[in-house]
Every structure is written in structure tokens, then in C-alpha cells.
Amino acid sequence: MKLTRLITIRSLSTRRLRSLLTFFGIMLGVAAIFAINYTNQNAYHSITTLFEGTAGRVNLEIHSAANIGGFSEDILADVSDTPGVSQAVPVLKLPAALPGEMTEEVDLSFFGTDAGGFILHGIQPDLDADIRDYKISQGRFLQASSEATEVVLAEAYAYEHELALGQSFSVVTSQGVAELVLVGLLAKEGAGLTNVGKFGVIELRAAQRLSMREGQIDQIDVVVQVQDSNPDFLAEVRQALGTRLGNEVTVLSPAGQGDRMTQMLSGYQIGLNFMAGIALFIGAFLIYNAFSMTIIERTRELGLLRSVGMTSGQVSAQVVFEGLLLGISGALTGAGAGLLLSVGLTSLMSELMGYDLYTGSIPVGILIGSIAIGIVVTLIASFMPARQAGRISPLEALRLRSHQDEGWLIRYGWSIGIVLLLLSAAVLYINPFPYDVQFRLGSLTVFALFLGAMLVIPVTLRAWQRISKVAVRLVFGNLGTVGIRNLDRARKRTTLTCTALLVGVSMIVVTQGMTGSFSADLFAWMDAYTGGDIFVSAVVPITRNFQDDLEGLSSVETAAPVRYIDVIWLNELEEETISFMGVDAASYTNVTRFIFSDPDISSDQAIEDLKKGNTIFVSSVLSEKYNLHPGDQLKIRTRQDEQYFQIAAVVLDFYNQGMVVTGSLDDLSTSFEIADVNTFLVRITEDSDTTLTIDEIYSRFEDDYQLVIESNRSVRERADNLMRQAFVMFDVLGIIAVMVAALGVLNTLSMSVLERTREIGLLRAMGMTRLQTIKMILAEAALLGVIGAILGIGFGLALTRIFLEAMGAMSGYSLDFIMPVRAIWLGLIVALVISQIAALFPAIKAAKTPVLTAIHYE
Amino acid sequence: MAVLYTQDLHKQYVLGQHIVKALKGVSLSVSQGEFVGIMGPSGSGKSTLLHLLGGLDQPTSGDIHLADRNISTLSDHQATLVRRRNVGFVFQFFNLLPTLSAEENILLPLIIDGKNLKNYQEALNDILKKLGMENRRHHKPDQLSGGEQQRVALARALITQPAVLLADEPTGNLDSRSGTDMMLLLQRSARQFNQAIIMVTHDPKAAAYTDRVVFLKDGLIADEISFSADDKQPDRLHGIMATQERLER
Ligand SMILES: Nc1ncnc2c1ncn2[C@@H]1O[C@H](COP(=O)(O)OP(=O)(O)OP(=O)(O)O)[C@@H](O)[C@H]1O
Ligand SMILES: [Mg+2]
């Protein structure tokens, strides 16, 4: 056995390139798995701590029925009296802004949470501290009796705005400017995470005074008596509260918000996990590939060992041992690389979600898991070649073969491949499965499709050679056609390499295709959403009359007021919080337009309907997700009671991830008693300049309002960036896949060259120049690249369609498939360039082989 | 007229601290249409000499003239082009590319030279016919016997009608019948195409088909016998074996 190990280590060190490639393959696979899972975990962890921390021990939340405006604090007594309630804690929310807080960027609210602006909570310090963790990092907490306007701020917010302890500063609220004194800072945990840290607390009375809402509160947080929060008991209390408090308020579970966020993330993660799975799969491929090659390369050597008495078990063990060594070292390094990768991915996710992700200690479970996966996959991948090695007969050492023995899978696998292809195509086409199994099945189908494509490669090699012959001759000369012949001498190897390329290319196509299809719709909407030239948003809602002020400027042609609020939609099953966009249809259509999903709809009629009131447009996302159509009615909770809104049209709208309806500003004020607005879309006159107009608006209204003004072009650019970032994860995986494919090509061609040393020597003896040698090898690589690219493009297009479908089914984003022409070219070019670059090294090595060495090579 | 001649050819291999003197001053001249055999004990430098003659390697000192060119100091690229146009090789083993058919293997030198293969169909058919390989033209090497493989190799060496044909133990692994066929073919093509053929062999029977046998020993020409066309095979064989025996003593 000792001898076996010695031979193994020798074999690893003499085949340094191969060992290194295999090592890299394992490393990349493990790194990808680890990084993705770690990042996912961080994201989940952040979201849960965020919601747990801010919700504290709260079991139920009481809001005003319409989810807007507050209610009388008299209810508090009723709540406390309700049986089962242990504590009832009032909160008043006071949107505010620092005068110096001049964000130049409008909040983009379609990807992650809409962090919104700074918010002050008016609380009763003693009560609140009982149910939530206020960890004071500096200074002290609010004092219960204090009548001074003391404030405790989240520390990051205070640092960011350079506010020091004891400092007095002013904030702008809807009712004017107020002076506050900073007495304490909240650590970044528990309640300090509220509103992603743009948060502070003041005394409830002070808050009421500042907002001129004496006697009013926005929310009551309820803690029930049995702290096990037995769900039945909770439901009972909820029920009791509901009956007791009547229609004015609604009782909610605080977990709801977190769920929405997790749901959104999980869609994204399914995609990532799927990609990680594929990355692992190609990783395994590469390993299998590398080991098979080692076996081929060592056939004679192993045959010799057999002939001097090594048993076939010993030979197999030797190969498995080699796999074990590589697996362990590759997996360990991969975990390290994965750690680095996850740092990058996590900061990327943070960017996307709009707040810092928690990065805790290294998750031991995931670490061990991914290392184990790496090692196990390596062992499995080396096991088959090991068995093959064990079967080498001692005679093998003496035999010379033009092609290797091929397994039945290579010879007859194509029939299975075709069956798989047909079957998965049929499944995709008919799609007989319910919604929830759809995606899982979808990934299974993708896998079947992939396997099918792979199995069909070996029998099609001849055809590929024939088709490409003329082109190859043109590019690489006569010897190119001799080179490509070699692809079918080891069809297994060729197949594996093509498949690796296929995966890489298809990932490029999928990423680009998805982004393309996604951005086409998104940009159409962005265009309307940020209609006109300038986007003016008020940090604190302002009067509608500001429209006249804006239009009074000579450079402004028209301005359209818009107001977003959250409303509660009562659908048959549950209460769903959605955004309500109130517009003034007349001025809105002057500045921008609605994008109706149904092109045949009479847009004038729809807009007229909207003006009439009690009418809304729903987003295509809502329409698809809940099967809503024009003519249907939506029951929405209003200020007084509930009210039906008639759907007039379906429009493209991704605000708040598409959970949005559009109605009129007049409805907003009659039904929801909201008269102020927070956004103006501005169209400037033809000969005005955007930047100058922005400056003018700032300078004219700076003193009166807190405005954030941005040109539409820059909003759109940022949206574009955000989008691309969302897909960077996929890009990273794509790059890993392409790298793995490159390693595969390098591996295959090195092997091919090595095997053919004598042939190359012979050709050189006959007068083949070095350049011709290189071209011959490059031709071989080029055909590999072309096969991989074409199959990869086809596969990628199919995958894009499946993903789009799945996404539509899951989230309601229904997107039109747009042929990603650029991605197709990119995939083709990447495959060709990668295969040529990877082939260059073996090609040069081949050309450098001295003729005589080649002839003597045994 | 000599198409190939060498002057005081030396070849040394440096192996670490060892210097192996494979050739120690060989002067040889071969005329057009001449069929020369090279014999000698194992390690005497036969293959080394053949490789130098074909421009596969460079001598340590001395000159080699092939088709009016001194090829002893050519760059790799130039040597490659000289080989391509002027030299044909037949090796003992492994002469064919396993992925190509017999016919394609034969055409290989033309493919390498970027020739239009259509112009060579007649020559190809001619050679295949001569070698009795017409119905084997589409076979892959692993579907051919050893003798057939060597015939294909010979056909390939002949297709460009090179001035010099070099063969290193071409009959090494053939049975005596195939070996004899091969010798007759070589003999014929030397006459017909006016080629200089130099063949390394261990087999006195094969050497008996040549015009002249050069004996190498320890990197030097130890002896040489020439035959006239009238010499009978047994006499030739006898002469060769006698010389071999004398040199071994
Ligand atoms: N590449 C090399 N490196 C070092 N020494 C070499 C090399 N090639 C040949 N030699 C040595 O040069 C000498 C001549 O070798 P060569 O192959 O020419 O002999 P040969 O006459 O062809 O023998 P055989 O009949 O066994 O083929 C031998 O001693 C051999 O060991
Ligand atoms: Mg020899």
C-alpha cells in the first residue's frame, strides 16, 4: 500500500498541469457553493434580525384600518382591557428630515425594501423599553418624565450626519422645523435597526406636539399574556381585539412584512442555487474528465504495473487515493476562496437591498457541507475512472490503439439522450403541473434537457466535422481538417469538454437574455414612471398646490403631482398591503403616459374612467398573480370603511415589485383623506436645460420644502445599474462556468497533444512546420468551441424561456422573451476565444516537441 | 551524380556528464537512383546517421549536402521545408495517423504542402495499384495488416517523388514474404523514379536487394560492399554475412 501511495504522489507531481487543473476545478466548485450559501444565509439572517429586532416581543400590531393616518389614543385603554393582552404600547410615526440631509438621489423602490427617509417614533420610553431592546451605545435613553424634546438616534445615522451627543439640532417635519437635543445613541441591533437605521425615538407627547396630532397615535404594539405565543391563543386575542375595536383599526401580525421580503429573496435564491448546482455539476465533470484522462495517459504504465503483479483492486485504490488527495486539498482551498467571494457577493446584496447585510461568524455547517460536497463529488468522479483503471489488462501495455474503448453510454447513449430531449420538451410544452411543483420540476426538466444534449453529442461528432470542414480549411489550412478528425478518437473526452463549454455559454446567454427581457419591460415602465424630464420628490409630503409653483417657473412646461401610499387590499383570502399611486390623470398624461398591457384597449376611455373616480389601474404583476382583469373589483380598506374600486385597465408598473395600483388623487383625498403629495413629474420647455432647471427649483423652494430632485436620465441610469447588479451574481457564476470550461479545454487538448506526440513527430518529419502544428491543434479547439457554443446557445435560450416562465409563475413578473442577439454573439465569441486561448499552451508545446523525441516517444 | 553526401560527420549526445559519440566522422555519398543499405550492430549509429541525412537532427560537426544544399546548419523551419520537398521517410513502427484512411495517409505530405489534391488523383491510383492496395484505400490503419501499413507508409514516402527516401528498418516487423515484397518495391522505385534510397536494416536478406551495403561500427564506416546488377541473391547474402562476421570479430 505504501508503494501505491508513492506512485500516486509521483503521478500527481509528474502530471502537474493536470493535477493543477483538477485542483482548480474542485476549488472553483466548492468556492461557488460556499459563497452562494453563505451569502444567502447572511441575507436571511439580516432580514430576520431586522424584523425580529424591530418587532421585539410584539405579538400583534394595531394599525389604522386604511394603513394610513392614525387613530385616537383612547383606544389604548380598550386594548389593555381586552382579555389576554399583557401590554399595549403606543407609537406615533413622524416622518422627518434633517435640513442638511440633501440626498441627491430619489429612492428607487422596485427591487428591495424601500428604506424611505428618516423617521422618528414617538414612544412612551418606559413602556417601549419593556417590549423592545433599546441598546444604548452612548449617552442615555429618553427619560419618561422629561418634557424637553430629547431624541435618541440610531448611532450610524448620527455618525453619518455628524451629530454629537448633547448637540441640539433641527429637523423638518410636515408641520415645520423643530429643535431636538441628542441625548443617546442606539447600537446597531434590536430596535436600533428599525427603518434600516434611519431612525430615532422621541417622547410620544413631543411627537404629537410636533406633528400637531395631539391625542393621536399610529400604531399600538400588543404583547399577549401567554408568552409562548400559542398560535391559537394569539388568534383568539386577535379576534377579541378585532371585535372590540371595530372598523377603525386593523390587527396584524408583525411577521407579515418580513415574509414579503423573504419571499422576494427566495425567488432570487432559487435561481442562484440552481446555478450553483450546475457549477458543481460541471466541477464534477471536470474532475471526472481529468481522472479519465489520467487513466488514458497512464494506461501503459498501469498495464505494466498489472503485469508485474499489482491487483486490479490496488490499481483502483491508487486512483481513488489520488482523487482523495486532490479532493481534500481542492475543497479546503475552495472554502478559502469561497470566503473571499462571499465578501464580494454580500456587499453586492447589501447594495441591492439597500442596507448593510449582517456578516456573522463563518457558518461551520455550510463550511463543512461545501468541503464535504467537494470531496464526495471528487471521489465519485474518480471512482468510475478508477474502476476503468482496474480493468486494464496487463496486455494493454503492449497494444497500440487508434481510439479508446468506449462505454455503451457513448455508443448507445444517444437514444436515451433523444428520449430525454423529447420528454423534457414535452413536459415544458404541456406543463401539466400545479404551480408549486412547477419550479422544482422545471429545474429537473432543465437537467434532463442538459443531460439529453450531452448524450447526443458523441453520435453527432461526425456530422459536426463534416459541416465545419470547409470553414476549418479556410481558417486553419489543410491540416486543420486533419486536426478536427481527432475529436472523435476520444469521444467521451470531447463530449465532456463540449458540455463544459455548453454550460459556460448557456450561462452567458441566460444572464444576458434575462437581463435583456427584464430590462426591456422595466425600462418601458421606468420611462413612464420617471416621465418628463425631472423627478421632484418631497421628503415630507407637501401640498398639491406646489404644482402651480412649479408651473410658474418659465422653464417648466407642466408638472404632474403623484402620491404613493400603502393601502390594505382585502382579497378573498387575506389582507394584502399594496401601494396606491394617486395621480391627476390630466396632468399625468401631459407629462408621461400609462403603458397598457393590452395594446387594443382604448386608452382614452381608460383614462376617462380613472378621472371619474372609484376606478383604478392594476399592475400587470397583480393582474397575473391574482388573475385580475378589467371590470373586476378590488376591495380596499379606506379611512371610513371599505370600498370597491373598479379595474379599468392593466398597466405595466414595477413600483414596489409590482404590488401597486393607480388611482386618482381625488379618490385619495375623499376616501383616504390624504390631500398632500410627495412626487412631481416635471416636463421642461423645449429650450430649457435640465440641470439649470433643477438648480432653479432648488434655489427657489429650498427654504420652504425638503426636496430631492433628480433628472430622469440619472434615475434611469441608476435603475439600470441596480438591475445589472442584480444579475452580477449570475455573471459571477457564468464566469466560473466559463473558467471551468476553459480548464476543460486546456485539459482535453493537453491530453490530445500528449497522446499524439508520435503522430505529431511523424507529421513534423514529413515537413509540417511549427506554425502548421499550432494551427492544427487550434482547429481542433475551434471545433470544440463551436460545438459547445452552438449547443450552449440553444440550451441557454431554452433555459431563459423556462426561467422567465417560472419567474412569471412565482412572482407575477411576466416578461416577454426577447431574443438576446448580443448574448448569442457574446457566447459564440467567448467560446471560441476561450477555447483558442486554452489550446494555445498545448499547441505551442506540441510545436516545440523536437521531431526525434516525438519519434522515439513511447 | 551524388544527390546526397556527407563529409566527416560527427554526432555527440551529451547526457549529463556523459558524452555519447554516436557518429565519429562519417563520409558517405549516394547517387541518384542508388539503393544503399546501412548495417551494423545495435548502437553503432545507424538511426542517428539516417536522421541527420533526413534533416531531422543537426550534426555536431561536418556537412550534409542534400539536393545541392548544405542542410547541416539550417533552422528548424528551413529544415522542415527541405524535408517536405526532398525527403520521404519510412519508419519501423507507427508510420500512419490512426484517424486518417489509407488514402488520406498517403496524401498527407501533399496536404501539408497545401497542394491541390485533385492534381494527384492519377499518381495516387498509380501507386495504390502498384502496391496492390486499391481495395484498401478507405481502410483505417487499425484495419490494415502490418505489411499493408508499411506499404501505405511507402506509398506516402513516394507520392511526392522525393529525391531521397530514407527507411529505418522498414521490414522490422514484417514476415519474410511481405519483407521481400517491400524490398522489390524499393528496388523498383529507385530505378523508376531515379531516387536515392537509404535503408537501415538488420536483415541481411533485405540488404541483399540493395546496390551497396555500408557497414557501421562504433560510429564509423567499417566496411562497404557494392553489388553489380548481375550478382545473384545467394552470392550477395553470402558476401554480407561474411563481412558481418569479420567485423564482429
Ligand atoms: N537522443 C539520444 N540521446 C543520447 N544518446 C543517444 C540518443 N540517440 C541515440 N543515442 C546513442 O547513440 C548511439 C547510436 O544510436 P543509434 O540509435 O543511432 O543506434 P542504431 O545503430 O540505430 O541501433 P539499433 O540497431 O539498436 O537501432 C547509441 O549508443 C545510443 O545510445
Ligand atoms: Mg536504430
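Biologist: Which residue of β9(A) stands opposite Ile123(A)?

Modeller: Glu203(A) in β9(A) stands opposite Ile123(A). This is a predicted model, in which local features need pLDDT of at least 70 and side-chain atom pairs count only at pLDDT 80 or more, while totals for chains, interfaces and linings use all residues. Residues are numbered from 1 along each chain as its sequence is written, chains are lettered from A and ligands numbered from 1 in the order in which they are written, and side-chain values use heavy atoms, with hydrogens and water left out.

Ile123(A) belongs to β4(A), which spans residues 119–123. Two strands pair if DSSP finds at least two bridges between them. Strand β4(A) pairs with β9(A) (residues 199–203) in the parallel sense, over five bridges. With β3(A) (residues 85–95) the pairing is antiparallel, again with five bridges, and in it Lys93(A) stands opposite His121(A). Strands of a sheet pair through backbone hydrogen bonds, in either of these two senses.

Next comes burial. A residue is buried at under 20% relative accessible area, exposed at over 50%, and partly exposed in between (1.4 Å probe, protein chains only). Strand β4(A) is mostly covered, with five of its five residues buried. Side chains in a regular strand alternate between the two faces of the sheet. In β4(A), Ile119(A), His121(A) and Ile123(A) point one way, while Leu120(A) and Gly122(A) point the other way.

Glu576(A) is in strand β15(A), residues 575–583, and counts as buried because its relative accessible area is 10%. Glu162(A) sits in the loop between α5(A) (155–160) and β7(A) (168–173), and counts as exposed because its relative accessibility is 68%. Glu162(A) has a positive phi of about 55 degrees without being a glycine.

Chain B has a residue of this kind too. Asp68(B), also not a glycine, has a positive phi of about 65 degrees. It is in the loop between β4(B) (61–66) and β5(B) (69–70), and its 70% relative accessibility is why it counts as exposed.

Chain B as a whole has eight helices and 10 strands, and 53% of its 249 residues count as buried. An open sheet of six strands runs in the order β6-β7-β8-β3-β9-β10 in chain B, with mixed pairing. Strands β6(B) (87–90) and β10(B) (220–226) stand at the edges with a single partner strand each, so one side of each has no neighbour in the sheet. On average, neighbouring strands are turned by 20 degrees against each other, direction ignored. Within this sheet, β3(B) (35–39) and β8(B) (196–200) pair in the parallel sense over four bridges; there, Gly37(B) stands opposite Met199(B).

Helices pack on these strands. Contact means heavy atoms within 4.5 Å. Axes are lines fitted to C-alpha atoms, for helices over the stretch in contact, and angles run from 0 to 180 degrees between N-to-C directions. Helix α1(B) (46–53) touches β3(B), β7(B), β8(B) and β9(B), and its direction makes about 155 degrees with that of β7(B). Helix α8(B) (233–248) lies across β3(B), β9(B) and β10(B), at about 155 degrees to β10(B).

Last, the ligand. Ligand 1 is surrounded by 14 residues, with Ser42(B), Gly43(B), Lys46(B), Ser47(B) and Thr48(B) the closest; a residue counts as near if one of its heavy atoms lies within 4 Å. A polar contact is a pair of N or O atoms within 3.5 Å; within protein, one must be able to donate a hydrogen and the other to accept it, and residues adjacent in sequence count only if both atoms are side-chain atoms. A backbone N or O atom of Gly43(B) is 2.9 Å from an oxygen atom of ligand 1, and one of Gly45(B) is 3.0 Å from such an oxygen. For Thr48(B), a polar side-chain atom lies 2.5 Å from an oxygen atom of ligand 1.

Notes:
Helices (H or I, at least four residues) and strands (E, at least two) are DSSP runs, numbered from the N terminus.
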